[in-house]
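Here is a briefing on one protein chain. Look at the fold as a whole, then read the points by topic.

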Amino acid sequence: MNNKRITMSDTERGSLILVNKDHPLKGETSGKLINIGGEGVLLESRTAAMLVQLLKDIKGEEDITAVSGYRSYKEQEEIFNDSLEENGREFTERYVAYPGCSEHQTGYAIDLAKTAKEIDFLCPDFPYAGTPQKFRDKAADYGFIQRYEKEKEGVTKIGHEPWHFRYVGYPHSRIMKDNNLSLEEYMELIEEHPYGVKPFVFHGNKQCFEIGCLKLEEKEQEITISEDIIYQISGSNRKSVIITLWKEQKV
Ligand SMILES: [Zn+2]
């Protein structure tokens, strides 16, 4: 058995963390950042690797441009203030997150554009057709979700952003896509499935996944995971961790 100690800082990092106005990022990203293109676009390393694979799969390397990835708190603050000045408060609050509350600060978010001579930095054109749509169709298989959908504006409190994608990892991306859930809604769903008691079970890619939520009630908690199981632990940024177990599919 593997003993894993979970602390409060574990609840605040990982590819499933929810970052929005009600759930600011604590500090800066804890992920390792790498550069994914000439323009100085940085992403968390796994997010970058999956993005590169997805673009390769759809032969989208030429047609799709990465516009904006990781931003530090300071950069987000500058973008917010510049937009306030240029576009006014209503536009800015609709499309630009408050400093500390942007997914871009995690390194797991990427804004994409259809390659063009002129690209709008805040609202890049990423149409529901051609190569961008191919990207959307395959995104969930590579762990990405389109984060701000039109019909979820009431939940996410962010305007419809066809260009903004978030890495959450497979199988979470697949479950969200198939059930039409925003990350906020997915968190609420998984919180109803306590780890070790009543996990959420999902079958996909010839595997069985058990996903459970562990709410941290003390400063530190220990869990045991059997040694032959592949697992992933990610914070939710809601004082809990989401534990995903990869299990053999029983025939
Ligand atoms: Zn974005």
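Predicted model: local features only at pLDDT ≥ 70, side-chain atom pairs only at ≥ 80, totals over all residues.

Residues are numbered from 1 along each chain as its sequence is written. The domain assignment gives domain 1 (1-16 + 170-251) and domain 2 (19-167).

**Domains and their contact**

- Domain bounds come from an automatic or database domain assignment.
- The C-alpha centres of domain 1 and domain 2 are 24 Å apart.
- Domain 1 puts 14 residues into the contact, and domain 2 puts in 18 residues. Two residues are in contact if their C-beta atoms, placed from the backbone, lie within 7 Å.
- On the domain 1 side, helix H5 (172-179) and helix H6 are the elements that give two or more residues. Helices (H or I, at least four residues) and strands (E, at least two) are DSSP runs, numbered from the N terminus.
- H5 supplies the largest share of that side, four residues.
- By class, the domain 1 side has three nonpolar, four polar and seven charged residues. Here Ala, Val, Leu, Ile, Met, Phe, Trp, Tyr, Cys and Pro count as nonpolar, Asp, Glu, Lys and Arg as charged, and the others, Gly among them, as polar.

**Nonpolar core**

- The largest nonpolar core has 48 residues. Such a core is a set of buried Ala, Val, Leu, Ile, Met, Phe, Trp, Tyr and Cys residues joined through C-beta atoms within 7 Å.
- Leu51, Leu54, Leu112, Ala139 and Phe144 have the most contacts inside this core.
- Helix H1 (residues 45-57) gives the largest share of the core, five residues.
- Leu51 touches Ile36, Leu43 and Ile110, leaving out residues up to four places away in sequence.

**Four-stranded sheet**

- An open sheet is built from four strands in the order S8-S9-S12-S11, with antiparallel pairing. Two strands pair if DSSP finds at least two bridges between them.
- Strand S8 (200-204) and strand S11 (230-235) are the edge strands, each pairing on one side only.
- From one strand to the next, the twist averages 20°. Axes are lines fitted to C-alpha atoms, for helices over the stretch in contact, and angles run from 0 to 180 degrees between N-to-C directions.
- S8 and strand S9 (residues 207-215) run antiparallel and are joined by five bridges.
- Phe200 has Ile211 in S9 as its bridge partner, and Val201 has Glu210.
- The hairpin of S8 and S9 has two residues between the strands, and Asn205 takes a positive phi near 50° there.
- H6 (residues 183-191) lies across S8, S9 and strand S12 (240-248), at about 85° to S9.

**Strands S6 and S7**

- Strand S6 (residues 144-148) is mostly covered, with five of its five residues buried. A residue is buried if 20 or more other C-beta atoms lie within 10 Å of its own, exposed if 12 or fewer, and partly exposed in between; C-beta atoms are placed from the backbone.
- Four bridges connect S6 to strand S7 (residues 161-167), and the two run antiparallel.
- Tyr148 stands opposite Glu161 in S7.

**Gly107**

- Gly107 sits in the loop between helix H2 (73-95) and strand S5 (109-114).
- Gly107 counts as buried because 26 other C-beta atoms lie within 10 Å.
- Beyond residues up to four places away in sequence, Gly107 touches Thr29, Gly31, Leu33, Leu42, Leu43, Glu44, Thr47 and Tyr70.
- Gly107 and Glu62 are 45 residues apart along the chain, and their C-alpha atoms are separated by 23 Å.

**Backbone geometry in loops**

- Tyr170 and Pro171 are joined by a cis peptide bond, with omega about 10°. Pro171 is in the loop between S7 and H5.
- Lys59 is not a glycine, yet has a positive phi of about 50°. Lys59 is in the loop between H1 and strand S4 (64-68). Lys59 counts as exposed because it has 11 C-beta neighbours inside 10 Å.
- Asn180 is not a glycine, yet has a positive phi of about 55°. Asn180 is in the loop between H5 and H6. Asn180 counts as exposed because it has 10 C-beta neighbours inside 10 Å.
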